[in-house]
Amino acid sequence: MTEKIIEVNSLCKTFKIHKRATGFKGAVKDIFHPAYERKKAVDNVTFSINEGEMVGFIGPNGAGKSTTVKMLSGILYPDSGDIKVAGYIPYKQRKEYVANIGVVFGQKSQISWDLSPLDSYEVIRHIYRIPPKKYKENLERYTELLDMGSFINQPVRQLSLGQRMRADIAAALLHSPRIVFFDEPTIGIDVVGKDKIRKFIKTLNQTDNITMIFTTHDMQDIEKTCERLIIIDDGKKLYDGSLENVKKGYRSSRIIEAEFESLPVSLTLPHAVISNADNNELKKLISFNTDEVSVNELMTALMNTHNIKDLSIREPEIDAIIRDIYEGRIVMN
Amino acid sequence: MKDILSLFFAYAKSGLKSRFQYRLDAIVATLAVFLREAGGIIAMYLALLKFDTINDWNIDELLFLFSLIFITYGIFIVFFMALRDFPDWIRHGDFDRVMLRPRGLLTQLVLCGADWLAALGHGTLGIVLFVISANRVGIQWNFAMAVYYVVAVISGVLIQGAVFLFFSAISFYVVETGRLKGIFYWNMRKFAIYPLSIYNKIIQSILIFVMPFAFVNYFPAQFFLRKPDMAAYPEWMMYISPVVGVTLYLLAYSFWLFSLRFYKSTGN
Amino acid sequence: MTRYLSFAAIKFRSKMAYRFDYVLGTLHTLLLFVVYWSIYKALYGGASEVDGVTFSMVTTSFIISLGLSSAFEKNEMFLQDKIKQGTIANELLKPVNFKLRILFEDMGEGSFNVVFNFLPTAVIASFFAELQAPCSVLHIPLCLVSVILGYIVLWEISFIVQSWSFTLFSVWGLITIKNVIINILAGAYIPMWFMPDWLRNAIRWTPFDSIYFTPVQIYLGELDGSEIAFHFARQIFWIAVLWAVGEYFWRSGIKKLVVQGG
């Protein structure tokens, strides 16, 4: 039995960006008549997530994913739209609501630099009013699962980045949250460390049925953990569906990267979308789907009309797929 | 209440523990705060060796006046440190974490921000000044006087807390409030240390009506000392410090609650 | 030399970019002045002079020392930050004397503060406070020379304390304590005339009175020609001594850095 634990409807958030004026006159004017620019950080986003799901949230910097997550976790007030998480309205019932969630920020630790993880956990135990028995159980379990026994008593400043992140993940789980948000949890960590973290997260999701939201730049994070993907760009939801689907939909997609001898004129090809690459006017990207047009057909058409200097066909890597989705070269339904 | 206390001690324990990772530095820093604040007093002491009194206040009476600023500030720093440095909390993303925890926002900020060493520096200075002066200024201590003193100290803490709660709420709109605080709080505090009556009318009005430091030390001290310069002000001003403190705090608190929705978080 | 002067010029110009700040900076300095002016006005209580010192001499002494200390308002954690971030090594690789470069940059910043922070303050203050004019036109350049020498003494003391960053976790406490000592003993909080005799006699053997008090005395015409020469010599003597001490701490700090491979 699965039920919806997160429901988001037509969510919007606009930020005013202060445009700083220059010069002394400007500085004075700035105080009395500040100039603002409005930026829609989240623009009419709707989705829902079932209990126990593990969803990857991706998008380029400033796409609005972290603003969305901040509204989901009760930090920001939305301008309009509805949010309901675990039966609460986060920004209205913050205090009751946040006892149900855990948040891990890869860039901002919640354990003190000068103390051992255990010292920080002790404070967290008080803040969340975790019953002693549950605290002991969770602490033992996560110490083992995250392999923290060797460093749990050492000051955090002496730990490696990977160890610190594991300690931080445990900190977010001690109060047994129903939903956990991970914001770039593997940033800056070496390959082995990343793998440990991903495996732990995956295991926890499966064994404890904890709902997880994962924002990241690292597509490997998503591939190794999530089944569902939500892509956000420029405040809008671009894609919401299974990761498998993205890959499958792309399985028959190819991109030809072609460099021309001279500036190509009237370049039109059947069933293909043409775009620029690398600010080089001589280089073009030709996207197409092998179900609609064969590589052979397209190449022939290209060779017959233009002089090609260099040419390559791209593999459908997940990173590239996502980039193509952001940049509008692929339109997902 | 028991729950709040245990949280307070948990925070205090971890705060002290992390501060004492650098023991020598912690001791030097505490001593530095103590000396920095004592500097102006030493200068005043040296000046009064030559001049005897300032507007009829002798050195002991001045020390009694000073003690109120430092005792209230020492307590203030235990409870309102996080609000004093609130822009840093926003800038470094620490306030996000506060919002993610199932406790009142101010409860957390008040309980966990304490800078115990600075508090020790200011508080010790205040207590030393009080002990030196309290007997020599001829106060006949009785129960009512003691109650008045405690209430005055609490009011003084609340007034300064309200000021910073107000500045913190402004941080939800504009993060950088350092200069505002510099002019309105720190500069005014320099004025407030000395007897109100030595200033011209504009500065006196600011210290009474705008940044009401006069109710932190001058009027409460006048209750005990009854110096002649009190004649320039209505007598009831010696009794309204608690009213000023509570009213200001409630006003600042409503402004804070109202402003919370404009919190923008970092990185936007 | 021209290279070092250009460091000062660049710093001066970069400060120009924050013009709004200096309005608030001026307000800050002015308010500080008003505090001391009010205190001494009350202390004088209408008397025309105390111990042969007139009220206008007191206010003039305060405004000059405030001007100098506002010139010296700079980031004294500079060296510590460089060491903590490890960028000090890059600085040492540059083909200029690090210490001299910083001195001239700070003087650039200082002269900015004097022009845009102190001068407006002094002009505004002259409308309500009893300030004295310099004792003669000739005394203006003499006073300026002693101000610059006093600034270097102040800078050297700060540098010595800062160079403890190589050994200590944080020099914040030491810097704060140093500033308290300077503010009192150099006469920024209380004019030198009103200090008890034993203290004044003791200060005579330290570099402190050559920071603010020498310029003040020259400005007010309290010193005659040979005395001025003597005080200049004293300032230069202290600069030389402090420079040597600073150089010693600096060199041994650098050595430590190299050994640790920081």
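I began with strands S6 (residues 179-183) and S7 (residues 211-215) of chain A, which run parallel and are joined by five bridges. This is a predicted model, so I keep that in mind throughout. Looking along the pair, I found A:Val180 standing opposite A:Met212 in S7(A).

Next I asked what packs on the sheet that holds these strands. I found helix H2 (residues 65-72) of chain A there, touching strand S3 (54-58), S6, S7 and strand S8 (228-233) of chain A. The direction of H2(A) makes about 150° with that of S7(A).

Then I traced the sheet itself. In chain A it is open, with six strands in the order S5-S6-S7-S3-S8-S9, and the pairing is mixed. Which strands sit at the edges? I noted strand S5 (101-105) and strand S9 (236-242) of chain A, each pairing on one side only. From one strand to the next, the twist averages 15°.

A reminder to myself: strands of a sheet pair through backbone hydrogen bonds, either parallel or antiparallel.

For antiparallel pairing I turned to strand S10 (residues 253-260) of chain A. Seven bridges join S10(A) to strand S12 (residues 280-289) of chain A. S10(A) also pairs with strand S13 (residues 308-314) of chain A, over six bridges and again antiparallel. Which residues are the bridge partners of A:Glu259? In S12(A) I found A:Lys283, and in S13(A) I found A:Asp310.

Stepping back to chain A as a whole, I counted eleven helices and 13 strands. Of its 333 residues, 38% are buried. Among contacts in chain A with a separation of 6 or more, 70% are between residues 24 or more positions apart.

Now for the neighbours of chain B, starting with chain A. This contact takes 23 residues from chain B and 28 residues from chain A. On the chain B side, helix H1 (2-19) and helix H5 (94-99) each supply at least two residues. H1(B) gives the largest share, seven residues. By class, I have seven nonpolar, nine polar and seven charged residues on that side.

Last, I looked at chain B against chain C. Here 28 residues come from chain B and 26 residues from chain C. Helix H2 (23-51) and helix H9 (178-192) of chain B each supply at least two residues of the chain B side. Which helix gives the largest share of that side? H2(B) does, with 16 residues. This side of chain B divides into 18 nonpolar, five polar and five charged residues.

Methods
Residues numbered from 1 in each chain as written. Chains lettered and ligands numbered in written order. Predicted model: local features only at pLDDT ≥ 70, side-chain atom pairs only at ≥ 80, totals over all residues. Contact = placed C-beta atoms within 7 Å. Helix = DSSP H or I, 4+ residues; strand = E, 2+ residues; numbered from the N terminus. Nonpolar A, V, L, I, M, F, W, Y, C, P; charged D, E, K, R; others polar. Buried ≥ 20, exposed ≤ 12 C-beta atoms within 10 Å, placed from the backbone. Pairing = 2+ DSSP bridges. Axes fitted to C-alpha atoms, helices over the stretch in contact; angles between N-to-C directions.
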